[in-house]
Amino acid sequence: ASEKSTHVGYWNCGTPCNQVLSCGNHTCNRTCHSGPCPPCPTDVTSTTTCPCGKTRLDKLQTTARTSCLDPVPTCKKICRKVLECGSEAGHVCQSVCHEGPCPSCEDKSVVSCRCEITEMCSTMS
């Protein structure tokens, strides 16, 4: 009598989910996943700070947001989110608080060649 191995799991194809979120206005930006999609990232009940995260919305707003389509108020502070430039120095966004992704890294970094003889100053992006 041979024993059967039972494995329960799922395969992830890596494509974007793109299912409409519960708000009805946005789609899921995660890759293929099991379980429910996350809530809308700009939902009025879960968005409590400006996009850079430094200032609470109740300190900025003159009128309350009623829809996830309403713009999220921004503060006047520098964003300072860590950029995905690959720099070990942890370059940060130098733009004023903004919605959407941060711009490309403009900081210069010294990059060494594998042979460690040649170095160059390049923009990590």
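Student: How many helices and strands does the protein have?
Tutor: The protein has 1 helix and 2 strands, where helices (H or I, at least four residues) and strands (E, at least two) are DSSP runs, numbered from the N terminus. This is a predicted model, in which local features need pLDDT of at least 70, side-chain atom pairs count only at pLDDT 80 or more, and totals for chains, interfaces and linings use all residues. Residues are numbered from 1 along each chain as its sequence is written, and side-chain values use heavy atoms, with hydrogens and water left out.

Student: In what order do the elements run?
Tutor: From the N terminus on, they run α-β-β.

Student: What share of the residues counts as buried?
Tutor: Of the 125 residues, 22% count as buried. Buried means under 20% relative accessible area, exposed over 50%, and partly exposed in between (1.4 Å probe, protein chains only).

Student: Switching to cysteines, is C52 buried or exposed?
Tutor: C52 is buried, at a relative accessible area of 11%. C105 is buried too, at 6%.

Student: How many disulfides are there?
Tutor: The count is 0 disulfides, a disulfide being a pair of cysteine sulfur atoms within 2.5 Å.

Student: Where is K54?
Tutor: K54 lies in the segment before α1 (57-60).

Student: Is K54 buried or partly exposed?
Tutor: K54 is partly exposed, with a relative accessible area of 38%.
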